[in-house]
Amino acid sequence: MSENNACTNNSRITWEGCSVLLDINDGDRLVFARLSPAAKLKIGNKNCSLQPLIGCAFGSVFQVETASDGPYLSLAQGNINNTEEIRDGQCNVESRDNRALIDNNTAQSLTGEDIEAMRRQGARGNEIIEALIANSATFEKKTSFSQEKYRLKKQKKYAPKVLMRRPVARSICEAYFKKYPSKIGFLRVDTLSLLLSMANVSTNSDILVVDMVGGLLTGAAAERLGGTGFICNSYLGQAPYSMDIVRIFNLSDEISKRIVRSPISDLLSQKPEQIVQHDNVCNVESQPNDQMGTSDSMEEISHPSENGISDLAAENTIIPAVRACKAIKAGEKAQQEIIDMWKENGFSSLIIAAPELDTWTLVRDLLPLLSNSASFAIYHQYLQPLATCMHNLQLGKMAIGLQISEPWLREYQVLPSRTHPCMQMSAFGGYILSGTKICGS
């Protein structure tokens, strides 16, 4: 058994080489990192080693501490601050307010030299925060809400905390949507979950995926399949689309080998025996027209797909099984036997997230690859491409149950005496076209 498989048997504990999502100061900063003894994380102006995170459980909270040899991350014991205790006492409406407080920078008697002296003496971050509160002339006069804000502000400066989260489909999508939404096509987490549900991604399914959102869709589908069925990540042209996000999922070897790649041209090509029979029936003059009929449909959308796509051909090389501890890479080239099986039986689902391609042309060519009664779901940031595709599917009587859905998500802040929708939230989550493929007449 390889080291990767041995460590991933207990998925609650981190291991050397695994990916983690580091949440710094309650979402102020989100960082994806791969744990190793040499890895370092910069928090403020301090570089901390990630060595203490190896072997700890996901969900652990770490705090930046300072020692003689430099800053380091230590596992926090219990609550880092007393905000939970403050919230417990907020059920009763207070009569105090902040009208009498004057912000003239004279309320704090503790100077910067005093704080540096405490650090040299080995004071922890929480001790510095408590000293700041004790030396504040206005802290006791503030409301509990203001006291909590003051404590959190000082905690972020003097005792920053790091929450180690497990990189799953939800956390990865939320992190990318907050930091780099354009890299995942502005795909929100509720849209991603609805996309997988409408495509009927379930156990032992063979999913055809066109993923131009960095591999997020491929990784989420593989995570839901759990090592059963297959996921065929298809692409136009010679260079496959980027699948960098799949590496963050910490997928096991059993799940990774179920993710294969194949160009769309190989899936649309006929079997050799079919080509021989076709040549015997057709005359010589009709051969050029037949060849154009099989290639022109994809040529219209092959040009925009070549722009902005990284070449990952070096990652698809098959590594000889000399060392048993070598992990299996996701996205190996699909075997011809599997492709022939898909051509004969068809895929059970189709998921498309390709904002840069023409939606109708892509669906028109890929829909025949599905088996009858197979579900499909198509995501796009804008409505018009999906509306055009839906209209053409209705005219061609190619699918039933067609609908365009717009996911809607509202995030609430739920706290005692102050439960309300968040002041800043995402107001748009794109559109999804879903339906069921039927047998053509």
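The legends below describe an overview and close-up views of one predicted model.

Local features need pLDDT of at least 70 and side-chain atom pairs pLDDT 80 or more, while totals for chains, interfaces and linings use all residues. Residues are numbered from 1 along each chain as its sequence is written, and side-chain values use heavy atoms, with hydrogens and water left out.

**View 1. The chain holds 16 helices and 17 strands.** Helices (H or I, at least four residues) and strands (E, at least two) are DSSP runs, numbered from the N terminus. The chain has 441 residues, 45% of which are buried; buried means under 20% relative accessible area, exposed over 50%, and partly exposed in between (1.4 Å probe, protein chains only). Of the contacts (heavy atoms within 4.5 Å) between residues at least 6 apart in sequence, 71% link residues at least 24 apart.

**View 2. Strand E12 pairs with E8 and with E13.** Strand E12 spans residues 347-353, and six of its seven residues are buried. Pairing requires that DSSP finds at least two bridges between two strands.

**View 3. Helix H15 belongs to a β-α-β unit with E12 and E13.** Helix H15 covers residues 359-366, and the unit is right-handed. Right-handed means that, with the strands pointing away from the viewer, the path from the first strand over the helix to the second runs clockwise.

**View 4. Arg 188 and Asp 190 form a salt bridge.** A salt bridge is a side-chain nitrogen of Lys or Arg within 4 Å of a carboxyl oxygen of Asp or Glu, and the structure holds eleven. The closest N and O atoms of this pair are 2.7 Å apart. Arg 188 is buried at 4% relative accessibility, and Asp 190 is buried at 15%.

**View 5. Salt bridges also join Arg 165 to Glu 174 and Arg 258 to Glu 254.** The N to O distance is 3.5 Å for Arg 165 and Glu 174. Arg 165 is partly exposed at 25%, as is Glu 174 at 28%. For Arg 258 and Glu 254, the closest N and O atoms are 3.9 Å apart. Arg 258 is partly exposed at 23%, and Glu 254 is partly exposed at 37%. Elsewhere, Arg 165, Arg 170 and Glu 174 belong to one network of salt bridges that share partners.
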